Amino acid sequence: MRTVYVNGDYVPESEARISVFDRGFLFADAIYEVAAVLDGKLVDFPAHLRRLHRSAGELGMRVDISDDALLDIHRTLVERNGIEQGQVYMQLTRGAADRDFAFDTDAMTPGLVLFTLKKELIDTPVARNGLKVVTIEDLRWGRCDIKTTQLLYPSLAKMQAKASGADDAWLVRDGHIMEGTSNNAFIVTSEGAIITRPLSNGILHGITRATLMEYAATTGVRIEERAFTVAEAHQAAEAFVTSASMFVGPVVSIDGINLSDGKPGPVATQLRQHYIAESRKRLL
Ligand code: PDD
(Lines give C-alpha, C1' and ligand atoms only; values in the text may rest on other atoms or scores of the structure.)
Protein backbone atom coordinates (compact mmCIF):
# COMPACT_ATOMS: atom_id res chain seq x y z
CA MET A 1 0.00 0.00 0.00
CA ARG A 2 1.20 3.51 -0.80
CA THR A 3 2.51 5.84 1.82
CA VAL A 4 1.08 9.35 1.50
CA TYR A 5 1.88 12.57 3.31
CA VAL A 6 -0.93 14.42 5.09
CA ASN A 7 -0.40 17.52 7.21
CA GLY A 8 2.90 16.50 8.76
CA ASP A 9 2.50 12.71 8.82
CA TYR A 10 3.50 9.83 6.56
CA VAL A 11 0.63 7.36 6.65
CA PRO A 12 -0.70 4.40 4.62
CA GLU A 13 -3.17 5.76 2.06
CA SER A 14 -6.10 3.98 3.75
CA GLU A 15 -5.42 5.86 6.98
CA ALA A 16 -5.03 9.33 5.43
CA ARG A 17 -7.62 11.82 6.68
CA ILE A 18 -8.44 15.45 5.89
CA SER A 19 -11.12 17.64 7.44
CA VAL A 20 -14.51 17.91 5.70
CA PHE A 21 -14.16 21.65 6.42
CA ASP A 22 -10.94 21.97 4.42
CA ARG A 23 -11.48 24.81 1.96
CA GLY A 24 -9.68 22.77 -0.69
CA PHE A 25 -12.52 20.26 -0.48
CA LEU A 26 -15.39 22.78 -0.16
CA PHE A 27 -14.24 25.66 -2.43
CA ALA A 28 -11.35 24.25 -4.50
CA ASP A 29 -9.39 26.82 -2.47
CA ALA A 30 -6.20 24.90 -3.14
CA ILE A 31 -3.21 24.86 -5.45
CA TYR A 32 -1.16 21.94 -6.65
CA GLU A 33 1.92 20.79 -8.53
CA VAL A 34 2.69 17.57 -10.36
CA ALA A 35 6.39 16.75 -10.68
CA ALA A 36 7.58 13.91 -12.88
CA VAL A 37 9.95 11.23 -11.56
CA LEU A 38 12.54 9.66 -13.85
CA ASP A 39 15.22 7.23 -12.68
CA GLY A 40 13.87 7.68 -9.13
CA LYS A 41 14.58 11.43 -9.20
CA LEU A 42 12.57 14.63 -9.72
CA VAL A 43 12.31 16.44 -13.07
CA ASP A 44 12.44 20.26 -13.06
CA PHE A 45 11.76 20.42 -9.31
CA PRO A 46 12.96 24.01 -8.61
CA ALA A 47 10.61 25.34 -11.31
CA HIS A 48 7.66 23.52 -9.73
CA LEU A 49 8.48 25.11 -6.37
CA ARG A 50 8.70 28.55 -7.97
CA ARG A 51 5.28 28.09 -9.56
CA LEU A 52 3.79 26.86 -6.26
CA HIS A 53 4.97 30.06 -4.57
CA ARG A 54 3.62 32.15 -7.44
CA SER A 55 0.19 30.47 -7.26
CA ALA A 56 0.12 30.92 -3.47
CA GLY A 57 1.12 34.59 -3.82
CA GLU A 58 -1.65 35.28 -6.36
CA LEU A 59 -4.25 33.84 -3.96
CA GLY A 60 -2.82 35.20 -0.71
CA MET A 61 -2.28 31.65 0.51
CA ARG A 62 0.39 30.88 3.11
CA VAL A 63 3.23 28.45 2.44
CA ASP A 64 4.37 27.69 6.00
CA ILE A 65 6.89 25.03 5.01
CA SER A 66 10.39 25.53 3.62
CA ASP A 67 11.46 24.52 0.11
CA ASP A 68 14.01 22.12 1.59
CA ALA A 69 11.30 20.40 3.64
CA LEU A 70 9.10 20.09 0.52
CA LEU A 71 11.98 18.52 -1.40
CA ASP A 72 12.58 16.16 1.50
CA ILE A 73 8.92 15.04 1.53
CA HIS A 74 9.00 14.46 -2.23
CA ARG A 75 12.16 12.36 -1.94
CA THR A 76 10.89 10.40 1.05
CA LEU A 77 7.67 9.45 -0.78
CA VAL A 78 9.57 8.50 -3.95
CA GLU A 79 11.84 6.26 -1.92
CA ARG A 80 9.20 4.71 0.34
CA ASN A 81 6.91 3.96 -2.59
CA GLY A 82 9.72 2.70 -4.82
CA ILE A 83 8.99 5.12 -7.68
CA GLU A 84 11.43 4.79 -10.57
CA GLN A 85 9.07 6.42 -13.07
CA GLY A 86 5.90 8.32 -12.29
CA GLN A 87 4.90 11.47 -10.51
CA VAL A 88 4.52 13.21 -7.18
CA TYR A 89 1.33 15.19 -6.61
CA MET A 90 1.48 18.00 -4.05
CA GLN A 91 -1.57 19.99 -2.94
CA LEU A 92 -1.60 22.99 -0.65
CA THR A 93 -4.94 24.24 0.67
CA ARG A 94 -5.79 27.44 2.52
CA GLY A 95 -6.88 25.34 5.49
CA ALA A 96 -10.04 24.34 7.34
CA ALA A 97 -12.68 26.70 8.77
CA ASP A 98 -16.48 26.82 9.14
CA ARG A 99 -17.96 27.09 5.66
CA ASP A 100 -18.08 30.76 4.71
CA PHE A 101 -17.32 32.54 1.42
CA ALA A 102 -15.26 35.03 3.44
CA PHE A 103 -12.08 33.68 4.98
CA ASP A 104 -9.28 34.66 7.33
CA THR A 105 -6.07 33.13 6.02
CA ASP A 106 -4.10 34.05 9.13
CA ALA A 107 -6.52 32.18 11.37
CA MET A 108 -6.12 28.92 9.42
CA THR A 109 -3.38 26.34 9.18
CA PRO A 110 -2.64 25.53 5.53
CA GLY A 111 -3.28 21.93 4.52
CA LEU A 112 -0.61 19.93 2.72
CA VAL A 113 -1.09 16.58 1.00
CA LEU A 114 1.36 14.69 -1.19
CA PHE A 115 1.12 11.31 -2.88
CA THR A 116 2.93 9.40 -5.61
CA LEU A 117 1.78 7.62 -8.75
CA LYS A 118 3.81 4.88 -10.41
CA LYS A 119 3.54 5.34 -14.17
CA GLU A 120 5.54 4.54 -17.31
CA LEU A 121 6.54 7.88 -18.81
CA ILE A 122 8.95 6.95 -21.62
CA ASP A 123 7.60 4.00 -23.60
CA THR A 124 3.95 5.02 -23.68
CA PRO A 125 1.08 4.52 -26.16
CA VAL A 126 0.99 8.33 -26.59
CA ALA A 127 4.67 8.38 -27.60
CA ARG A 128 4.12 5.52 -30.06
CA ASN A 129 0.74 6.44 -31.53
CA GLY A 130 0.15 10.10 -30.67
CA LEU A 131 -2.99 11.79 -29.42
CA LYS A 132 -6.22 12.68 -31.18
CA VAL A 133 -7.60 15.98 -29.98
CA VAL A 134 -10.85 17.84 -30.59
CA THR A 135 -11.41 21.57 -30.06
CA ILE A 136 -13.93 22.59 -27.39
CA GLU A 137 -14.95 26.04 -26.14
CA ASP A 138 -12.89 27.19 -23.16
CA LEU A 139 -15.37 27.94 -20.36
CA ARG A 140 -12.80 28.09 -17.54
CA TRP A 141 -12.33 31.13 -15.32
CA GLY A 142 -9.98 34.02 -16.15
CA ARG A 143 -7.01 32.98 -14.00
CA CYS A 144 -5.85 29.76 -15.60
CA ASP A 145 -2.27 30.85 -14.85
CA ILE A 146 -2.87 29.92 -11.19
CA LYS A 147 -2.58 26.17 -10.73
CA THR A 148 -5.73 25.65 -8.65
CA THR A 149 -7.64 22.42 -8.12
CA GLN A 150 -10.72 23.85 -9.91
CA LEU A 151 -10.46 21.16 -12.56
CA LEU A 152 -14.11 20.32 -13.22
CA TYR A 153 -14.38 22.02 -16.61
CA PRO A 154 -11.14 20.55 -18.02
CA SER A 155 -12.24 17.18 -16.69
CA LEU A 156 -15.67 17.48 -18.42
CA ALA A 157 -13.96 18.65 -21.62
CA LYS A 158 -11.71 15.59 -21.58
CA MET A 159 -14.74 13.34 -21.10
CA GLN A 160 -16.50 15.07 -24.00
CA ALA A 161 -13.40 14.50 -26.15
CA LYS A 162 -13.31 10.83 -25.18
CA ALA A 163 -17.03 10.41 -25.89
CA SER A 164 -16.35 11.64 -29.43
CA GLY A 165 -13.57 9.06 -29.92
CA ALA A 166 -10.64 11.44 -29.29
CA ASP A 167 -8.11 11.37 -26.45
CA ASP A 168 -8.16 14.97 -25.26
CA ALA A 169 -9.53 18.45 -25.92
CA TRP A 170 -7.83 21.67 -26.98
CA LEU A 171 -9.67 24.61 -25.42
CA VAL A 172 -10.64 27.53 -27.65
CA ARG A 173 -11.35 31.18 -26.88
CA ASP A 174 -12.20 33.69 -29.62
CA GLY A 175 -11.22 31.22 -32.32
CA HIS A 176 -7.74 30.70 -30.88
CA ILE A 177 -6.28 27.64 -29.17
CA MET A 178 -5.55 28.30 -25.49
CA GLU A 179 -4.11 24.96 -24.29
CA GLY A 180 -5.07 21.33 -23.69
CA THR A 181 -7.16 20.24 -20.69
CA SER A 182 -3.96 19.48 -18.76
CA ASN A 183 -1.14 20.38 -21.14
CA ASN A 184 0.20 23.22 -23.29
CA ALA A 185 -0.47 23.18 -27.02
CA PHE A 186 2.02 23.60 -29.90
CA ILE A 187 1.76 23.40 -33.68
CA VAL A 188 4.63 22.93 -36.14
CA THR A 189 4.85 24.70 -39.50
CA SER A 190 5.95 23.03 -42.74
CA GLU A 191 9.33 24.76 -42.23
CA GLY A 192 9.71 23.06 -38.84
CA ALA A 193 9.11 26.19 -36.70
CA ILE A 194 7.14 25.60 -33.52
CA ILE A 195 4.27 27.91 -32.52
CA THR A 196 2.74 28.24 -29.06
CA ARG A 197 0.69 31.04 -27.57
CA PRO A 198 2.46 33.50 -25.25
CA LEU A 199 1.98 33.34 -21.49
CA SER A 200 -1.03 35.21 -20.09
CA ASN A 201 -3.67 34.78 -17.39
CA GLY A 202 -5.51 32.51 -19.85
CA ILE A 203 -3.14 29.53 -19.73
CA LEU A 204 -1.03 27.65 -17.24
CA HIS A 205 2.62 28.64 -17.41
CA GLY A 206 3.77 25.09 -18.06
CA ILE A 207 7.13 24.03 -16.69
CA THR A 208 7.59 21.48 -19.48
CA ARG A 209 6.66 24.19 -22.02
CA ALA A 210 9.37 26.52 -20.69
CA THR A 211 12.07 23.85 -20.50
CA LEU A 212 11.22 22.46 -23.91
CA MET A 213 11.45 25.92 -25.48
CA GLU A 214 14.83 26.42 -23.84
CA TYR A 215 16.08 23.08 -25.26
CA ALA A 216 14.51 23.76 -28.68
CA ALA A 217 16.27 27.13 -28.88
CA THR A 218 19.66 25.49 -28.30
CA THR A 219 19.06 23.03 -31.16
CA GLY A 220 18.21 25.87 -33.55
CA VAL A 221 14.48 25.16 -33.85
CA ARG A 222 12.63 28.41 -34.60
CA ILE A 223 10.06 29.30 -31.95
CA GLU A 224 7.14 31.66 -32.59
CA GLU A 225 5.32 32.64 -29.41
CA ARG A 226 1.97 33.84 -30.72
CA ALA A 227 -1.70 32.95 -30.66
CA PHE A 228 -2.85 30.59 -33.42
CA THR A 229 -6.33 29.84 -34.72
CA VAL A 230 -8.19 26.55 -34.95
CA ALA A 231 -7.90 26.79 -38.75
CA GLU A 232 -4.11 27.13 -38.50
CA ALA A 233 -3.99 24.09 -36.24
CA HIS A 234 -6.01 22.07 -38.76
CA GLN A 235 -3.46 22.95 -41.46
CA ALA A 236 -0.32 22.44 -39.33
CA ALA A 237 2.37 20.00 -40.42
CA GLU A 238 2.49 18.56 -36.91
CA ALA A 239 1.31 19.32 -33.40
CA PHE A 240 2.17 18.29 -29.88
CA VAL A 241 1.43 18.97 -26.22
CA THR A 242 3.70 19.32 -23.20
CA SER A 243 3.12 18.43 -19.56
CA ALA A 244 4.88 16.86 -16.60
CA SER A 245 2.79 13.73 -17.05
CA MET A 246 3.51 13.28 -20.78
CA PHE A 247 6.66 15.35 -21.41
CA VAL A 248 6.10 15.87 -25.16
CA GLY A 249 3.00 14.15 -26.56
CA PRO A 250 2.66 14.12 -30.36
CA VAL A 251 -0.79 15.10 -31.66
CA VAL A 252 -1.80 13.15 -34.76
CA SER A 253 -5.26 14.51 -35.44
CA ILE A 254 -7.26 17.64 -34.65
CA ASP A 255 -11.06 17.56 -35.05
CA GLY A 256 -10.71 14.42 -37.15
CA ILE A 257 -8.18 16.01 -39.53
CA ASN A 258 -4.98 13.96 -39.71
CA LEU A 259 -1.63 15.69 -39.24
CA SER A 260 1.66 14.15 -40.38
CA ASP A 261 -0.23 11.21 -41.94
CA GLY A 262 -1.85 10.41 -38.60
CA LYS A 263 1.50 9.40 -37.08
CA PRO A 264 3.76 11.19 -34.56
CA GLY A 265 5.67 13.80 -36.58
CA PRO A 266 9.47 14.03 -36.80
CA VAL A 267 9.76 17.40 -35.02
CA ALA A 268 7.60 16.30 -32.07
CA THR A 269 9.42 12.96 -31.86
CA GLN A 270 12.83 14.58 -31.91
CA LEU A 271 11.85 17.21 -29.33
CA ARG A 272 10.46 14.49 -27.09
CA GLN A 273 13.72 12.52 -27.22
CA HIS A 274 15.75 15.66 -26.66
CA TYR A 275 13.59 16.74 -23.72
CA ILE A 276 13.92 13.35 -22.02
CA ALA A 277 17.70 13.12 -22.60
CA GLU A 278 18.34 16.66 -21.30
CA SER A 279 15.98 16.29 -18.32
CA ARG A 280 17.87 13.15 -17.27
CA LYS A 281 20.99 15.31 -16.88
CA ARG A 282 19.26 17.71 -14.48
CA LEU A 283 17.37 15.41 -12.11
CA LEU A 284 17.20 16.27 -8.43
N1 PDD B 1 -1.24 19.52 -15.64
N2 PDD B 1 -1.91 23.40 -18.83
C3 PDD B 1 -2.74 22.88 -17.90
C4 PDD B 1 -4.15 23.37 -17.86
C5 PDD B 1 -2.27 21.91 -17.00
O6 PDD B 1 -3.09 21.41 -16.07
C7 PDD B 1 -0.93 21.47 -17.09
C8 PDD B 1 -0.34 20.46 -16.14
C9 PDD B 1 -0.10 22.02 -18.08
C10 PDD B 1 1.35 21.64 -18.23
O11 PDD B 1 2.13 22.15 -17.19
P12 PDD B 1 3.47 21.42 -16.73
O13 PDD B 1 4.33 21.30 -17.93
O14 PDD B 1 4.02 22.31 -15.70
O15 PDD B 1 3.07 20.06 -16.22
C16 PDD B 1 -0.63 23.00 -18.93
C17 PDD B 1 -0.79 18.53 -14.66
C18 PDD B 1 0.26 17.62 -15.18
C19 PDD B 1 -1.99 17.83 -14.07
O20 PDD B 1 -2.96 18.52 -13.79
O21 PDD B 1 -1.95 16.60 -13.87
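From which domains does the shell around the ligand draw at least three residues each? In this predicted model, local features need pLDDT of at least 70 and side-chain atom pairs pLDDT 80 or more, while totals for chains, interfaces and linings use all residues. Residues are numbered from 1 along each chain as its sequence is written, and side-chain values use heavy atoms, without hydrogens and water.

Both domain 1 (3-118) and domain 2 (125-282) supply at least three residues to the shell, with bounds from an automatic or database domain assignment. Around the ligand there are 18 residues, each with a heavy atom within 4 Å of it; Tyr 32, Arg 51, Glu 179, Ile 207 and Thr 208 come nearest.

Polar contacts (pairs of N or O atoms within 3.5 Å) can now be followed one by one. The side chain of Arg 51 places an N or O atom 2.8 Å from a ligand oxygen, and that of Glu 179 has one 2.6 Å from a ligand nitrogen. From Ile 207, a backbone N or O atom lies 2.8 Å from an oxygen of the ligand. Of the 480 Å² of accessible area that the ligand has on its own, the protein covers 90% (Shrake-Rupley method, 1.4 Å probe).

Definitions and conventions. Polar contact = N/O pair within 3.5 Å; in protein donor to acceptor, adjacent residues only side chain to side chain.
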